[in-house]
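User: I'd like to learn how to read a fold from a model. Can you walk me through this one?

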Amino acid sequence: MERYHKLCQQHMGKVARITDRNGRVHVGRIERVTNRKVYIRPVGGSRGGFGFGYWGGYYGWGAAYGIGLGFITGFALAGLFFF
């Protein structure tokens, strides 16, 4: 849990791809990190809701929501998958 807390804090404001214990994938901009949760704002765009935009910009939608740090099984910056 500590590892993901540190990763999320280091990448606050960036778009990340987070996988949880149930296999769900969350793609969004990291808005806030507490001792128990990371809050991300989902991103959407012109390609299936995965945050593609012109010149690498992201189009946001929806309110930020929390993911329990103990439920995270994977973390990657979204740019690694999209560009």
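User: Which pattern does the protein follow, read along the sequence?

Analyst: Bear in mind that this is a predicted model. Start with the secondary structure in order: here the pattern is α-β-β-β-β-β-β-α, built from two helices and six strands.

User: Next, the inside. Which residues form the largest nonpolar core?

Analyst: Look for buried nonpolar side chains that link up with one another. In this case the set has 12 residues: Tyr4, Cys8, Ala16, Ile18, Ile30, Val33, Val38, Ile40, Ile67, Leu69, Ile72 and Phe75. Two or more of them come from each of helix H1 (2-10) and strands E1 (15-20), E2 (25-33), E3 (37-44) and E6 (72-77). Across the protein, buried residues account for 36% of the 83 residues.

User: What is Val38 in contact with, leaving aside its neighbours within four places in sequence?

Analyst: Pick a core residue and list its partners. Val38 touches core members Cys8, Ile18, Ile30, Val33, Ile67, Leu69 and Ile72, and its contacts also include Arg32, Tyr65 and Gly66. For the whole protein, take contacts between residues at least 6 apart in sequence: 50% of these join residues at least 24 apart.

User: How many aromatic pairs are there?

Analyst: A pair of rings is described by the distance between centres and the angle between planes. The cut-off for centres is 6.5 Å, and the count here is zero.

Note on methods:
Residues numbered from 1 in each chain as written. Predicted model: local features only at pLDDT ≥ 70, side-chain atom pairs only at ≥ 80, totals over all residues. Heavy atoms only, no water. Core = buried A, V, L, I, M, F, W, Y, C linked by side-chain atoms within 4.5 Å. Buried < 20%, exposed > 50% of the residue type's maximum accessible area, 1.4 Å probe, protein only. Helix = DSSP H or I, 4+ residues; strand = E, 2+ residues; numbered from the N terminus. Contact = heavy atoms within 4.5 Å. Phe/Tyr/Trp six-rings, centres within 6.5 Å; stacked < 30°, edge-to-face > 60°.
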